[in-house]
Amino acid sequence: FDSIQPIITEYSKNKMIKQERINKIIISAMIQSNNPFFTNVLGPIHINQFLDIIDPKQVICFSSQNTAEEHDQKRLIDIMKNQPTILIGPEGGFSKDEESEISRRNIMKAHFEGNILRAQTAVSFTAGFIRLSQQYIEKD
C-alpha cells in the first residue's frame, strides 16, 4: 500500500488511535515482513469526502454485504492491472445511504463469501487477494 485513508461512516467505531502508535505498528510490520517501504496512514475523513477525491474507475469496494450486481470481468481486470484503490466497509457494513452513493458513483463492488472479517483483517486479506490476482493477470 502507498497509503491508508481511514474513513468515517455511519457505522464506524469512534476509536481514535494516536499517529505515534500507528507509526510504531507500521515500522514493526515493515521489519517483520522485510518491507523497506513505509505506508502512510492519513487522518480520517468522511466517506463522502473520500468518494469526492477518488477516481471511481480505479476503485473496488469490498463489503460484508452480498451484492446481486453482475461483475464486468474486463473492468475488474483493468482495475487490477493498475494500482487500485480499495474501499473496505466497516464491520457493521455501509448504511443504505452510503451503499446508494457508492452505486451512484458506479464503483465496482465485491463480496467474499464466508465469515465477516474484522476491518484490520479485511485490509490484509484484500491486499493479498489483489496482489495474487495481479500476479495471475501479469502472466496472461
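## Close-up views of the structure

**View 1. Strand β5 and its neighbours in the sheet.** Strands β5 and β6 run parallel and are joined by four bridges. Strands here are DSSP runs of E with at least two residues, helices are runs of H or I with at least four, and both are numbered from the N terminus. The model shown is predicted, so local features need pLDDT of at least 70 and side-chain atom pairs count only at pLDDT 80 or more, while totals for chains, interfaces and linings use all residues. Residues are numbered from 1 along each chain as its sequence is written, and side-chain values use heavy atoms, with hydrogens and water left out. β5, residues 59–62, also pairs with β7 in the parallel sense, over three bridges; two strands pair if DSSP finds at least two bridges between them. Ile-60 has a bridge partner in each neighbour: Ile-86 in β6 and Met-108 in β7.

**View 2. The open sheet as a whole.** The order of the three strands is β6-β5-β7, with parallel pairing. The edges are taken by β6 (85–88) and β7 (108–110); each has a single partner strand, so one side of each has no neighbour in the sheet. From one strand to the next, the twist averages 30°. Helix α3 (residues 73–81) lies across β5 and β7, and it runs at about 105° to β5. Angles are taken between N-to-C directions, from 0 to 180 degrees, with axes fitted as lines to C-alpha atoms, for helices over the stretch in contact.

**View 3. Side chains of β5.** In a regular strand, side chains alternate between the two faces of the sheet. In β5, Val-59 and Cys-61 point one way, whereas Ile-60 and Phe-62 point the other way. All four of these residues are buried. Buried means under 20% relative accessible area, exposed means over 50%, and partly exposed is in between (1.4 Å probe, protein chains only).

View 4. The side chains of Glu-20 and Lys-24 meet in a salt bridge, at 3.8 Å from N to O. A salt bridge is a side-chain nitrogen of Lys or Arg within 4 Å of a carboxyl oxygen of Asp or Glu. Because they are four residues apart in helix α1, Glu-20 and Lys-24 are separated by about one helical turn. Both residues are exposed. A search of the whole structure finds five salt bridges.

**View 5. A salt bridge between Glu-99 and Lys-109.** In this salt bridge, the closest N and O atoms are 3.2 Å apart. The pair links distant parts of the chain, ten residues apart: Glu-99 is in helix α4 (residues 96–104), and Lys-109 is in strand β7. Glu-99 has a relative accessible area of 16%, so it is buried. Lys-109 has 10% relative accessibility and therefore counts as buried too.

**View 6. A network of salt bridges.** Asp-52, Glu-101, Arg-104 and Arg-105 are linked in this network. One of its salt bridges joins Arg-105 to Glu-101, with the closest N and O atoms 2.7 Å apart. Both Arg-105 and Glu-101 are buried.

**View 7. Ser-95 in a loop.** Ser-95 is found in the loop between β6 and α4. Its relative accessible area is 2%, so Ser-95 is buried. Apart from neighbours within four places in sequence, Ser-95 is in contact with Glu-10 and Tyr-11, where contact means heavy atoms within 4.5 Å.

View 8. Ile-27 lies in helix α1, residues 19–33. Ile-27 has 42% relative accessibility, so it counts as partly exposed.

**View 9. Asn-34 and Asn-106, each with a positive phi****.** Most residues other than glycine have a negative phi. Phi of Asn-34 is near 60°. Asn-34 sits in the loop between α1 and β3 (40–41), and it is exposed, with a relative accessible area of 70%. Asn-106 has a phi of about 60°. The loop between α4 and β7 holds Asn-106, which is exposed at a relative accessible area of 51%.
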